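Trainee: I've got a new model to look at. Can we go through its pockets together?

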Amino acid sequence: MPTFAALSRLVPLTLLVAAACGPTEPGGTGATTSAGDTPGTSSETSGDPAESTSTSTGDVTTSDVTTGEPTTGPAVTSTTDTTSTTDPTDTTSTTSTTDATSTTGDPDVPLQCPEAIDQAILACVADLQSDPELAAGNFLLDLLFMCSDAEPVADDYDAHCANAPDDPICALEYPQFVEDVLPACITRAQTILFADVCLLPGSYDELLFAPAVVLMDRRLVTDAAELDATEQEQFLRASAEIGVASATVEEALGATDEGAVEQLTVLDVGTDRVLVLYSARYAGVRHGRMFFWQTFTIAGAVEADVFTRCGVEQTIEGRPCEDALACGDEHTCFDVLEGEGGVVLAPGTCVSEAAIPGDGAACSAHADCEPSSGLLCLDRLEGEGDGTCRPGWMRRSFAGPAGDSQLVEDGTLLLPILASGIATVPTGAYLDLQIVQDQANSLAVHLVNPGGTSTTVTVSEGPVIDLQLFEVGVPTDESAGGTWHLAVEDLGGAASGVVTRLALTLDTRFD
């Protein structure tokens with residue numbers, strides 16, 4: 001693919017904004033916004049879509065992170081089923097469920113983007129990846145945006161039309177092709193590029209437990225005033241993309257089942273990019289969109305609780321590992337959890353041993369630690385002070401068994417939670433827990449650390465215990481890594497019910 005095309009073919013990327021009409025039902029895929037949509041300005045390209053200029057909202061910031069034009073590139077719409085080779089940049093044996101070799105003249109059949117343009121975009125990305133200097137300064141989504149811009153695609157469009165002049169897309173004015181047809185090629189190319197390297201897990205429920213994903217903030221928003229101007233626009237665009245176009249945030253909130261949207265903010269520790277996910281239930285089904293921090297560039301999509309689009313890749317930092325070979329020369333495989341005979345019970349984490357300026361400084365919010373450098377304000381989830389700036393990987397969330405974990409009548413239910421890939425001792429512990437009984441009955445809930453020390457979480461008489469990131473005062477001089485246990489003791493002697501939700505989040509440090 002030529003790097004430049006004739007100037008007569010130059011089309012503003014904003015033409016891609018309306019590339020696909022928003023659907024009328026939740027769960028559809030509308031247009032993703034692109035050029036001109038990223039707040040702020042930049043004169044230096046770092047490749048990070050999470051743009052900010054020391055801008056903070058609440059407890060999160062990406063101070064001094066800049067971005068170049070590629071990260072505000074063309075729109076990326078919904079994914080389609082594709083198959084690819086192991087190498088996501090291999091463009092020789094990729095097939096698509098969409099027949100894109102040519103289009104039909106039938107006016108009732110949508111115009112199809114030629115597969116040849118998919119292949120040209122992928123080949124261009126592979127060429128850019130082979131340039132160490134260029135690839136080092138940009139992320140995979142940046143390279144995709146560079147290669148799928150209207151200008152570099154122009155020659156590929158001309159080549160296709162020279163070979164297939166009867167294809168109806170060749171009768172279009174080029175700007176119309178870019179606006180109406182090209183987004184389908186970009187979608188297919190993105191699906192292939194991220195197929196084997198995507199940071200995001202399969203489902204929404206797995207997000208906080210995914211390698212290299214660290215919780216920064218989670219809140220349920222019920223009023224527009226709780227969001228700043230950029231966040232309001234992000235939520236409105238997310239709503240429109242899933243098929244609930246609204247004129248105001250209040251209207252968008254009212255369209256959800258609960259009149260609220262969950263705003264989940266996480267750090268990708270591999271690239272130090274902050275990601276913000278807006279999700280809610282519509283007719284009982286969760287849908288949402290994830291943005292790079294302080295931008296309108298979409299990094300992921302949730303449809304019916306499943307991640308269906310990916311725009312962020314996993315790198316070495318934060319990757320799960322069982323030995324040093326998985327981490328390369330510049331990272332260490334830290335805190336693998338092993339059982340008897342050296343059997344690996346839970347993987348460790350690939351971490352860099354390079355010092356980060358600001359590590360160990362006091363903080364009261366993430367903004368004090370510059371997450372763009374890899375540091376978060378740990379020890380306090382609520383950002384009320386007495387925190388410490390430490391590498392983001394030192395906070396991890398771990399899922400425990402739930403759903404069918406039956407309480408033990410007149411006894412104690414023990415549920416294991418495997419914790420690994422963290423620093424040596426805990427500085428904070430937070431439980432996500434729900435227990436539902438058939439009737440009111442007294443229960444005592446304890447959290448037991450790997451050394452056997454038990455801390456009382458709560459004693460309750462009610463039929464339901466519902467704790468969300470509830471802080472538990474665990475010992476801070478005993479091991480963080482290992483097997484923790486949730487102990488649910490039946491004090492009333494009539495336990496009948498289940499643990500329906502269980503997760504443990506740990507902040508840690510080196511002793």
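Trainee: What does the lining of the largest pocket have by class?

Mentor: The lining of the largest pocket has 14 nonpolar, seven polar and 11 charged residues. Ala, Val, Leu, Ile, Met, Phe, Trp, Tyr, Cys and Pro count as nonpolar, Asp, Glu, Lys and Arg as charged, and the others, Gly among them, as polar. This is a predicted model, where local features need pLDDT of at least 70, side-chain atom pairs count only at pLDDT 80 or more, and totals for chains, interfaces and linings use all residues. Residues are numbered from 1 along each chain as its sequence is written, and side-chain values use heavy atoms, leaving out hydrogens and water.

Trainee: What volume does the largest pocket have?

Mentor: About 870 Å³. A pocket is an open set of points on a 1 Å grid over the protein atoms alone, where a 1.4 Å probe fits, with protein on both sides within 12 Å along at least five of seven lines; lining residues have an atom within 4 Å of a point. Volume is the space filled by probe spheres set on the points, which are joined across faces, edges and corners.

Trainee: Which strand gives the most to that lining?

Mentor: E27, with five residues. E27 spans 497-509. Strands are DSSP runs of at least two residues (E), numbered from the N terminus.

Trainee: Now the second largest pocket. Which residues are closest to its centre?

Mentor: Glu 317, Ser 352, Ala 354, Ile 356 and Trp 393, out of 23 lining residues. The space there is about 480 Å³.

Trainee: And which strand gives the most there?

Mentor: E12, with three residues.

Definitions and conventions. Helices (H or I, at least four residues) and strands (E, at least two) are DSSP runs, numbered from the N terminus.
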